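Please find below a short briefing for a reader who is new to this structure. The sequence and the model come first, and the notes follow by topic.

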Amino acid sequence: MECISRPFSPAIPFPTIQFKSPPARIFLLSRPTLLKLRSSISPLRKNPNSFADNNNGGGGGGGGGDDSDSNSNSDNDGDNPRNHLSLFVICSSIQLAASACAIAVGSNDDEFTLYQVKGGNKIKLIPDYLKDVFVIPDTKFFTSFSLGNVWLQCRSLFMRLMLPQGFPTSVTSDYLEYSLWRSVQGVAAQVSGVLATQALLYAIGLGKGAIPTAAAVNWVLKDGIGYLSKIFLSKFGRHFDVNPKGWRLFADLLENAAYGLEILTPAFPHLFVPIGAAAGAGRSAAALIQAATRSCFYAGFAAQRNFAEVIAKGEAQGMVSKFVGIVLGIAIANCIQSSTSLALASFGAITWIHMFCNLKSYQSIQLRTLNPYRANLVFGEYLLSGLVPSVKEVNAEEPFFPAVPVLNVKSENKAQPTLLSPEAKLAAADIERRLHLGSKLSGLVRNKEDALALFDLYREEGYILTEHEGKFCVVLKESSSSHDMLKSLFHVNYLYWLEKNVGIKSVGASDDCRPGGKLQISLEYVQREFNHVKCDGELAGWVTEGLIARPSPNRIRPGYISSTVKC
């Protein structure tokens, strides 16, 4: 609301009050106290010439003279003290009403508060009742130069550089804990790298006047042989998607082993090339695995599809860790000089810190995609209790190395699951051992009758499931998708539930496919319930678009079966 006033005279009406709509970027204010102010000036809005008429006309019914009279007396009326007094009374009333509004609002701050949110910062908006808008307070940096203000500015700058825009709402809840642990391990890794590099330089005789060309040749041979490991390891890429946490932890172990070999090279300078090549192969393989699994983690952190930004901020955090680690590594290297024993002792302590931080960072990650083990936990608990466990509970229970139980590490500080039952955990581990995804049909079908029964039962499905020698064998059709594999795993879990809780055993493919058979009743249940468990899983935070798995490459293309069955 803006007031535009002009000097009072009989020829000019009393100051007109014009109401302009606020800018689109600011919110309108609506409060009971504002109504008082509006009501006090509403007569002016309805008839802005009322006071002029009263001054000129003199009475309620009288018109107060014609235009000629008014014009002839304009000079005298402009100097009339009553006019100035009326203007003073009106302006004073408006000012008093505004003050009353401010006092009323000050006593009701808890009634309504509005903030402007930009990224992770909140700025409280101050209401301006005269202009009927919210305004942003003036918070320039140089208006209050104090230590606290400098700290807030530095903190804001650090968050803009190191964290995604909109943090913490733009990422998932496990992002911050993971980033903190990764920063510490990054420092430790760089310290180990500096110590290893110093040891390698001593091993090639750089400090003893060795020929630079020979040193360079040895260095190139070491790296060249090590790069071959990346080529051979790339074929295991699908394994990294299925179990990224376990492979990432294995990569960290491999990297530390490579650093240890490099630190040992001064003790065996004549074996520089083979030891260096082995260490280089380990470091190259570790770098490949780390780069592959990092994408899986960052994709899960991007809560608002800000995948590229999460990666960029992760690289920025890594650069800070590397800088700090290099500084500490140089300081430690200057202290230990060429002593192999001191280098190994320092390396042992740093490696422990490195692996501990890695372990904690991976335990904090909450993967929302479904691999076979996580899907077994979700489906097993759903069949037992009708509920879908949360993402955090399932990730806390999933082992790093499902195929090697001896290497699995349980977190002592993690919250105990409240929904996952012991039966669901045992079922998931048992199914993991008995599941064979991508089986050959030729190894399962004994006769034509079994083949015809299986093809007829699974005519509308993208897979064929049967039991063979105690294993759950899933035969994938050529058109099978990750969604079909997820559905087949739910089918496997229901077969396991029938076996353990109802006692129904498999008697043969053809018999199990008949009405009332194990495969027939289980498939009917799966077709009815699979969409329900998918919906419940999505509500619990799971990505149920498909199964992240590494099936065998065997596929079949069903056609019209005549006298022979081709697999």
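Is E449 buried, partly exposed or exposed? E449 is partly exposed, with a relative accessible area of 45%; buried means under 20% relative accessible area, exposed over 50%, and partly exposed in between, with a 1.4 Å probe and protein chains only. The model is predicted, so local features need pLDDT of at least 70 and side-chain atom pairs count only at pLDDT 80 or more, while totals for chains, interfaces and linings use all residues. Residues are numbered from 1 along each chain as its sequence is written, and side-chain values use heavy atoms, with hydrogens and water left out.

**Salt bridges**

- The structure holds 12 salt bridges, a salt bridge being a side-chain nitrogen of Lys or Arg within 4 Å of a carboxyl oxygen of Asp or Glu.
- Side chains of opposite charge can pair when their charged atoms come close.
- One of these salt bridges joins the side chains of R514 and E449, at 3.1 Å from N to O.
- This pair links distant parts of the chain, 65 residues apart: R514 is in the loop between helix 19 (509–513) and helix 20, and E449 is in helix 17 (residues 448–457).
- Helices (H or I, at least four residues) and strands (E, at least two) are DSSP runs, numbered from the N terminus.
- R514 also meets D511 in a salt bridge, at 2.1 Å from N to O.
- R514 counts as partly exposed at 40% relative accessibility, and D511 is partly exposed with a relative accessible area of 35%.
- Another salt bridge is formed by R433 and D430, whose closest N and O atoms are 3.5 Å apart.
- Both R433 and D430 lie in helix 16 (residues 422–434), three residues apart, which is about one turn of the helix.
- R433 is exposed, with a relative accessible area of 57%, whereas D430 counts as buried at 15% relative accessibility.

**Aromatic pairs**

- A search of the whole structure finds 16 aromatic pairs; rings of Phe, Tyr and Trp (its six-membered ring) pair if their centres lie within 6.5 Å, and planes under 30 degrees apart count as stacked, over 60 as edge-to-face and the rest as tilted.
- Y494 and Y525 form a stacked pair, with 4.0 Å centre to centre and 15 degrees between the planes.
- Y494 lies in helix 18 (residues 482–502) and Y525 in helix 20 (residues 518–539), so the pair ties together parts that are 31 residues apart in sequence.
- Y494 and Y525 are both buried.
- One aromatic cluster is formed by F379, Y382, F490, Y494, W497, Y525 and F530.

- Three strands form an open sheet in the order 7-9-8, with mixed pairing; two strands pair if DSSP finds at least two bridges between them.
- The edge strands, each pairing on one side only, are strand 7 (435–437) and strand 8 (463–468).
- From one strand to the next, the twist averages 20 degrees; axes are lines fitted to C-alpha atoms, for helices over the stretch in contact, and angles run from 0 to 180 degrees between N-to-C directions.
- Strand 8 and strand 9 (residues 471–476) run antiparallel and are joined by six bridges.
- Within this pairing, I464 stands opposite V475 in strand 9.

**Residues with positive phi**

- Most residues other than glycine have a negative phi, and most peptide bonds are trans.
- E469, which is not a glycine, has a positive phi of about 55 degrees.
- E469 lies in the loop between strand 8 and strand 9 and is exposed, with a relative accessible area of 72%.
- R305, also a residue other than glycine, has a positive phi near 60 degrees.
- R305 is placed in the loop between helix 11 (272–301) and helix 12 (307–336) and counts as exposed at 79% relative accessibility.

**A nonpolar surface patch**

- L261, L264, F268, L271 and L344 form a nonpolar patch on the surface, with about 360 Å² of accessible area together.
- Patches are made of residues with over 30% relative accessible area and no salt bridge, like charges being joined within 9 Å and nonpolar side chains (Val, Leu, Ile, Met, Phe, Trp, Tyr) within 5 Å.
- Accessible areas come from the Shrake-Rupley method with a 1.4 Å probe, and for residues only the protein chains shown count as cover.
- L261 lies in helix 10 (residues 244–264) and is partly exposed, with a relative accessible area of 34%.
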